[in-house]
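The sequence and the structure are shown first, and the description follows.

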Amino acid sequence: MHILIVEDDEVARDYLAKALREVGHTVDVAGDGLKGLHMASSIAIDVAIVDRMLPKLDGLALVQSLRATGRKLPVLILSALGEVDDRITGLRAGGDDYLTKPYHVSELLARVDALARRGESGNAESHTKLKLADLELDRITRRVTRNGKKIELTAREFQLLEFMMRHSGQVVTRTMLLEGVWDYHFDPQTNVIDVHISRLRQAIDKDFDKPLLHTVRGAGYSLREDE
Amino acid sequence: MDAPRRIASPDQRFLGILDTSPFRVAIVYSIVFACGAALLLGIVDFAVSRVVDRSSDDLIDAEVQGLREQVLVLSRSDFIELVEQRSQDQDVRGAVYLMVDPQLRPVAGNVPAWPKTESDDGKWIQFKAAVPFGDETREHEMRARRFKLPGGYNMLVGHDVQERQDVKNLMMRGLIAAVVLTLLLGLGGGFWMGRRILAQAGAISAVATQIMRGDLSQRLPVRDADDEINTLAREINTMLDRIEQLTLGMRTVLDSAAHDLRTPLNRLQATAEGAMGQVIPGSPERRVLERVTTEVDHMRATLDALLRIALAETGTVAREAVDLSELVASMVELYAPVSEERGIRLESAVASGAQVQGSRQLLAQALANLLDNAIKFTPDGGHIRVLLKSQSAGPPSAGPRSAGPPLAGPEVIVEDDGPGIPADKREAVLGRRVRLDGTRNVPGSGLGLSLVAAVTKLHGARLTLDDAAPGLRVSLQF
């Protein structure tokens, strides 16, 4: 994947570029907003990571100009601001995801991955049936089966599984789940998400040989079929 | 524009007008004016009737004097003729005469009968007599003087005062009408002014409510007039400009502080994570780096909490309609599995349809902090109760924080049966970083309740800590 990083903090930018290259991405970097906007509009890029406060052209202005020219490439905004409603202004300006500094690189990688795949698979959201190996989920009838056997889930477990299936094969972090399934943006002090996941795991994996819901150490969870 | 607590029924609005100061001033003034009008008319009436009465009394006195002299020189029949003559005289309008014999039978004059009033000789009497008026007769008020004639005859000389009485009655009616009209005008004027003032005050208080809710761009309505309310509104608007500048300035300071702290933390995190990839897992160097990232996480959590508190305290957070019922229910649902894991029963009773204006994310964070705390401090196998009442019933529970205006919005209550907080420390835990002795082994930044307090304040709600006997009972009254 081709990723553009627009970030003026050299230390953070270099490390981020290195980390992205290590997992196999092609990375371009820009140190200010104007250069970033120029690169984003001239090079074929899959995902742009844009810092909110940039010299020459502010990060939000960059995203807005990009959107004004009709460019749909997914943008992840990085912010070092106070949060709460900065996230809303960031997303309103045209950002697709929002991450506050300091972040774990695993969190960022997972989000970049999710953004890129969203662009790739296009309308995964519009499919009425989601399928992974022998696990099937029907979004209309709200029926979940594995190997033809019906699995009973609570409404929230269903939403959780739906989210995981839409991101199958990717790493999904705890904050991504809290945001995507519950629409909350905070870090709970207790392991609330882990307990929800372990209940879901009980429901879908317990009676079957091959587990589908995996824990990714230090990052989050992944729903995938092990080869 | 929303001011749900201020929407009044027409009845209440009417009573509201009666309560305005212009209305009361108008009432007082119209009463004073009515009394003045009454007094003035009374004086005029008194003066006029005195002058008129005296002049007609003088006329009668003169007539009496004349007749007394005539009776001495004239024979009875001549005198009777004289009296008849004077009675018929059309020039003297309203003059009345009556001469009666000792049996009080009329002998001469234009009054049909001797009045029944008892009176002494020479005294003034007031009586009613029938007077021909076209084809019919009318009872007229008469004022007369009687005197004795020789031979037991009696004489009455007087004046028809009915006309004067009519004028007086008219004046009296005019007086009453004037008083009533003054009162009505005063009432109407007061009502109109009251409505105007109420409308202006209503507009001002609606704006003030919105400003208190954090929309600092709101300004009081100013009309194109130079009255005192408009002048006041302009001055308040200037003050609001200043407050907005200060608050936005604070927000800017907060943002740059956030930026200046998050950027180096991010570098530290990046450097540590980058170095981690180059050392062997399990080596002492790796453990040091892991320690660094853990500490960065803690610092981030503390920084996030502090920034959220500061942000909530500047009051510049965007507001929206928040479905509190949905929020509380989903927070309970989020925390239910983790408390079950600890063998804690998380019970809830959530009323539907409760709404507040505010920040959903901050309210969620505050509730999460309360639930985190409750789960942390409740012993295994304990209970946590979460209640949402859509409308508060009865007076708010007593406590040092329950002072202030009564709040009638929804109330969220989180109760646990943990150790609780001693009554004398409840104020203190809401301050920054207070952790009670014996809780230092429990993880947390110590900012949890401060954030709850700041978020509560931002929403104009009241936070009360109480004894749940045993345990802690936290109430958020909106």
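## The interface between the two chains

Across the interface of chain A and chain B, 22 residue pairs are in polar contact, both residues being at pLDDT 80 or more. A polar contact is a pair of N or O atoms within 3.5 Å; within protein, one must be able to donate a hydrogen and the other to accept it, and residues adjacent in sequence count only if both atoms are side-chain atoms. On chain A, the side that touches chain B draws at least two residues from each of helix 1 (10-22), helix 7 (174-182) and helix 8 (192-205). Helix 8 of chain A gives the most to this side, with 5 residues. By class, the side of chain A that touches chain B has 18 nonpolar, 9 polar and 10 charged residues. Here Ala, Val, Leu, Ile, Met, Phe, Trp, Tyr, Cys and Pro count as nonpolar, Asp, Glu, Lys and Arg as charged, and the others, Gly among them, as polar.

The contact (heavy atoms within 4.5 Å) involves 37 residues from chain A and 47 residues from chain B. Together the chains bury about 3,800 Å², of which 52% is on carbon and sulfur atoms; buried area is the accessible area (1.4 Å probe) that two parts lose on being put together, summed over both. There are 5 salt bridges between chain A and chain B, a salt bridge being a side-chain nitrogen of Lys or Arg within 4 Å of a carboxyl oxygen of Asp or Glu. Arg199(A) and Glu340(B) form a salt bridge through their side chains, at 2.8 Å from N to O.

## Basis of the model

The model is predicted: local features need pLDDT of at least 70, side-chain atom pairs count only at pLDDT 80 or more, and totals for chains, interfaces and linings use all residues. Residues are numbered from 1 along each chain as its sequence is written, chains are lettered from A and ligands numbered from 1 in the order in which they are written, and side-chain values use heavy atoms, with hydrogens and water left out.

Chain A has 8 helices and 12 strands; helices (H or I, at least four residues) and strands (E, at least two) are DSSP runs, numbered from the N terminus. Of its 227 residues, 54% count as buried. Buried means under 20% relative accessible area, exposed over 50%, and partly exposed in between (1.4 Å probe, protein chains only).

The largest nonpolar core holds 91 residues, and Leu177(A), Leu324(B), Met331(B) and Tyr335(B) touch the most other members. Such a core is a set of buried Ala, Val, Leu, Ile, Met, Phe, Trp, Tyr and Cys residues joined through side-chain atoms within 4.5 Å. Helix 8 (residues 360-377) of chain B provides the largest share of this core, 10 residues. Beyond four places in sequence, the residues that Leu177(A) touches include Phe163(A), Trp182(A) and Tyr221(A).

## Backbone features in loops

Most residues other than glycine have a negative phi, and most peptide bonds are trans. Lys101(A) and Pro102(A) are joined by a cis peptide bond, with omega about -5 degrees. Pro102(A) sits in the loop between strand 5 (97-100) and helix 5 (105-121) of chain A.

Ala133(A) has a positive phi, near 50 degrees, and lies in the loop between strand 6 (129-132) and strand 7 (135-138) of chain A. Asp183(A) has a positive phi of about 65 degrees; its place is in the loop between helix 7 and helix 8 of chain A. Asp183(A) is partly exposed, with a relative accessible area of 39%.
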